[in-house]
Amino acid sequence: MSAFKTMPQDLVASLGLAYEPVGVTLYRETDPIPADPPFTQENLKSYCQALALAGKGRTLLLAKEQMGCKLGTSVLGFEKDPEAFLDDGVLEKYGVGLYGTEAASAATILNSTYLEQGKTRAALIAPLATFREPPQVVVFTADSEQVMWLLYAVNYDRGGRMDLPQSGGALGGCADITALPLLQGVPNVTFLGLGCRLKSALDPCHLMLGVPGNALAALHQHILAMAKPIAMLRNTRGGAGT
C-alpha cells in the first residue's frame, strides 16, 4: 500500500477527522495536465467548496470556469487581468457590511497573497489517498482541537512561536492555506470568511489548515509520535474522539 494511502488513514484515525486530508496541485501553462481524472464539468461555488467536497471523497480537476469564485481564481493565478474581479470583491465585502469603509475592504482584498497572474491552467483537488506523487499543498478541514494537534505536529521539532498570517476574514481557503504555503513553504491556518463558509457549508467549528506537500511525511510521523498525549486527552472524555 502506498504512503499516500497509509498516511491519510493514520491521520484520520489518530485525530478522528470527519474530512479526509486533501491534496492540491496547480498546473501551470507549461505543465502537462493528467488525462485521468477528466475535467470536472460541474460548476462549483468556490475553491473552498471544492476543498470540502474533496474532503468527503470527490476527485476534482477544475478549470477556472468551474471554480465559481473569481476572487479565488484571482488568488490562485488563473486570471490574466484580475483587477476588475478584485474591485468587485472590495465592493462585495463592503456592501454586505463586513467592513466599515471601502478602503478597509480594499486593504483586505488587495494586500492578500496572490500567485502569479495568468499562469495557472487547472487545479487538481482530491483526497490525499488518490495521489501517486506528492501534491503541492495538503489541506486539512478540522475542528479547533484537531487543528491544535496538527499545529503541534508541524512545530514538533522546532518549537517556539508560530506566525500564522491571516487575510483578515476573506480569501482564507485560497490565500491563507494554499497560496501562502506554496509561495513561502510554511504551514498556515485559516478561520475562513463569510463567503468561504457560505459556499463550503462547513460546520461552524471547523477550520482549515494547509501544509506544503513536502512537509506531510514529517507531520504524519509527528502525529504518530504524539499518540500518548492524544490518547490522554481523549481518555478524559471517556474515550470519545477528539
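A crossing of two helices is called right-handed if the near helix is turned clockwise from the far one by less than a right angle, and left-handed if anticlockwise. The model discussed here is predicted.

Q: Which hand does the crossing of H6 and H9 have?
A: By that definition, the crossing of H6 and H9 is right-handed.

Q: Why is H6 called roughly perpendicular to H9?
A: The axes of helix H6 (residues 144-154) and helix H9 (residues 216-225) come within 8 Å and cross at roughly 115°. Angles of 65 to 115 degrees count as roughly perpendicular, and therefore H6 is described as roughly perpendicular to H9.

Q: What makes up the contact of H6 with H9, by residue and by class?
A: From H6, the residues Trp149, Leu150, Ala153 and Val154 meet Leu219, His222 and Ile223 of H9. Sorted by class, this contact of H6 with H9 has six nonpolar residues, one polar residue and no charged ones.

Q: Why is the pair of Trp149 and Tyr152 called tilted?
A: Rings pair if their centres lie within 6.5 Å, and planes under 30 degrees apart count as stacked, over 60 as edge-to-face and the rest as tilted. The ring centres of Trp149 and Tyr152 are 5.7 Å apart and their planes stand at 40°, so the two rings form a pair and the pair is tilted. By this rule the count comes to one aromatic pair. Both Trp149 and Tyr152 lie in helix H6, three residues apart, which is about one turn of the helix.

Q: How do you know whether Trp149 and Tyr152 are buried, partly exposed or exposed?
A: Buried means under 20% relative accessible area and exposed means over 50%, with partly exposed in between. Trp149 has a relative accessible area of 5%, so Trp149 is buried, whereas Tyr152 is at 47% and therefore counts as partly exposed.

Q: What makes H7 mostly covered?
A: Ten of the 13 residues of H7 are buried, among them Cys174, Asp176, Ile177 and Leu180.

Q: Why does Gly185 count as partly exposed, and where does Gly185 lie?
A: The relative accessibility of Gly185 is 48%, so Gly185 counts as partly exposed. Gly185 lies in the loop between helix H7 (172-184) and strand S5 (188-190), and the phi of Gly185, which follows H7, is positive, near 65°. Leaving aside neighbours within four places in sequence, Gly185 is in contact with Leu180 and Pro212.

Note on methods. Residues are numbered from 1 along each chain as its sequence is written. This is a predicted model: local features need pLDDT of at least 70, side-chain atom pairs count only at pLDDT 80 or more; totals for chains, interfaces and linings use all residues. Side-chain values use heavy atoms; hydrogens and water are left out. Axes are lines fitted to C-alpha atoms, for helices over the stretch in contact, and angles run from 0 to 180 degrees between N-to-C directions. Helices (H or I, at least four residues) and strands (E, at least two) are DSSP runs, numbered from the N terminus. Angles under 35 degrees count as roughly parallel, over 145 as roughly antiparallel, 65 to 115 as roughly perpendicular and the rest as oblique. Contact means heavy atoms within 4.5 Å. Ala, Val, Leu, Ile, Met, Phe, Trp, Tyr, Cys and Pro count as nonpolar, Asp, Glu, Lys and Arg as charged, and the others, Gly among them, as polar. Rings of Phe, Tyr and Trp (its six-membered ring) pair if their centres lie within 6.5 Å; planes under 30 degrees apart count as stacked, over 60 as edge-to-face and the rest as tilted. Buried means under 20% relative accessible area, exposed over 50%, partly exposed in between (1.4 Å probe, protein chains only).
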